[in-house]
Amino acid sequence: MGRIRLDALTRKFGDTSAVDRVSLDVADGEFLALLGPSGCGKTTLLRMVAGLLPPTSGRIMLDDDDITHSPPRRRDLAMVFQSYALYPHLTVAQNIAFPLRVRRTAKEVARARVREVAAQLELGELLARRPKELSGGQRQRVALGRALVREPRAFLMDEPLSNLDAKLRTATRVELAALHRRLGSTFVYVTHDQVEAMTMATRIALLDGGRLEQVGTPTEVYDEPASVFVASFLGAPPMNLMPGKLSTTDAGLLRVDAEGTTAPLWPGRVPARDVVLGVRPEHLTPTSAETPGDILRIRAVVEAVENLGSEEVALCRAGTATGVPTGAADRIAVRGPRPLGLVPGEPVTLTAPTDRIHLFDAGSGRRLVWREQEAPRPERTAGKSMPIGTGLPGTEPSLSAA
């Protein structure tokens, strides 16, 4: 068993909250990625779980055991560090066996266990070598082997691939995901690389400024970002975000206006409010003709086109056909199969279905969701969204913070 539960976990350094009341439930056998930019608190959070840093407040549970104040050696958790942390004077076999030596495991049992782990990680021919004789990828596998040999209840990994080159990082990523499937153990994996999180994790927890922004599967956090931060962090290029105004037409339709665009949405009535309009680059389609139907249309001018091999990314400026920008947030990225057929300097109309539009509250940055019926105020839980309103006849829209 390896279920990890964090209850309002907080860590302060002076007056600064590095981790701010994070509550999280990591299921037994899950691969959870802690994702976020540098300085968001993800490594601090992992070090508290490992017992290397005491929390200021909150609680850490491992299955049914409260390990908040337990020393690291009694937590039955294995930590894999970014720097590998191998002993340079020991062989690969001795490095892998070190946790068993500390536990005074019988020599025959330890040797058998080392051989088993070395076979899993394809290190059998390297057992007599020392770390200086290994490549970066091999050292990383030795560090993993040292964690595996203990058979812990969960594995904690702090950016273990960051020191590898791009090709080796991709190969090791595949190996780690396969290893997790074979073991069925709990992995908590810290990374700032969204590709690592999206390809390996069963769930992703996004942090920003020490706070939990959203928790969900890779599909959920990408397709339904809970905030402007999540929308702008995930994706390459990230989601296009434009300040706009949400209003109601005389015909009783919601409408959003932003730089270079006006888009009809769906029936309903709400007071006018400032919003952030979002659409992903791959959901925009260049067109030279007026496309019928209720779709988002953005008038823009192409600034540059980047060739990515099988795809192209076009960078455009939203606004009038003259291409004169009127604000700092009017750059639009379009991504699609090559060739897109766009030429720098030429005007273009970009379209997207209305069901691909994302709306966020301009003040809080939280995702806006249309509610057909009056809804009670939701609890303040990371990943929830803010209702736009109800649109019920004779009632005021219900607005509540997520």
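The structure is a predicted model, in which local features need pLDDT of at least 70, side-chain atom pairs count only at pLDDT 80 or more, and totals for chains, interfaces and linings use all residues. Residues are numbered from 1 along each chain as its sequence is written, and side-chain values use heavy atoms, with hydrogens and water left out.

Six strands form an open sheet of mixed pairing, in the order β6-β7-β8-β3-β9-β10. Helices (H or I, at least four residues) and strands (E, at least two) are DSSP runs numbered from the N terminus, and two strands pair if DSSP finds at least two bridges between them. The edges are held by β6 (77-80) and β10 (211-216), each with a single partner strand, so one side of each lacks a neighbour in the sheet. Neighbouring strands are turned by 15° against each other on average, direction ignored; axes are lines fitted to C-alpha atoms, for helices over the stretch in contact, and angles run from 0 to 180 degrees between N-to-C directions.

Strand β3 (residues 31-35) runs parallel to β9 (residues 203-208), to which four bridges join it, and parallel to β8, with five bridges. Leu32 stands opposite Val188 in β8, whereas in β9 Leu34 has Ala205 as its bridge partner and Leu35 stands opposite Leu206. Five of the five residues of β3 are buried, so the strand is largely enclosed by the rest of the structure. Here buried means under 20% relative accessible area, exposed over 50%, and partly exposed in between (1.4 Å probe, protein chains only). Phe31, Ala33 and Leu35 point one way from β3, and Leu32 and Leu34 the other way.

Helix α1 (residues 42-50) lies across β3, β6, β7 (154-158), β8 (186-191) and β9, at about 145° to β7. Helix α4 (residues 136-148) also packs on the sheet, touching β6 and β7 (contact: heavy atoms within 4.5 Å).

The whole structure contains 18 salt bridges, each defined as a side-chain nitrogen of Lys or Arg within 4 Å of a carboxyl oxygen of Asp or Glu. One of them joins Asp361 and Arg273 at 2.5 Å, N to O. Asp361 lies in strand β20 (residues 358-361) and Arg273 in strand β14 (residues 273-279), 88 residues apart. Asp361 counts as buried at 12% relative accessibility, as does Arg273 at 13%. Glu303, partly exposed at 36%, forms salt bridges with Arg317 (3.1 Å) and with Arg331 (2.7 Å).
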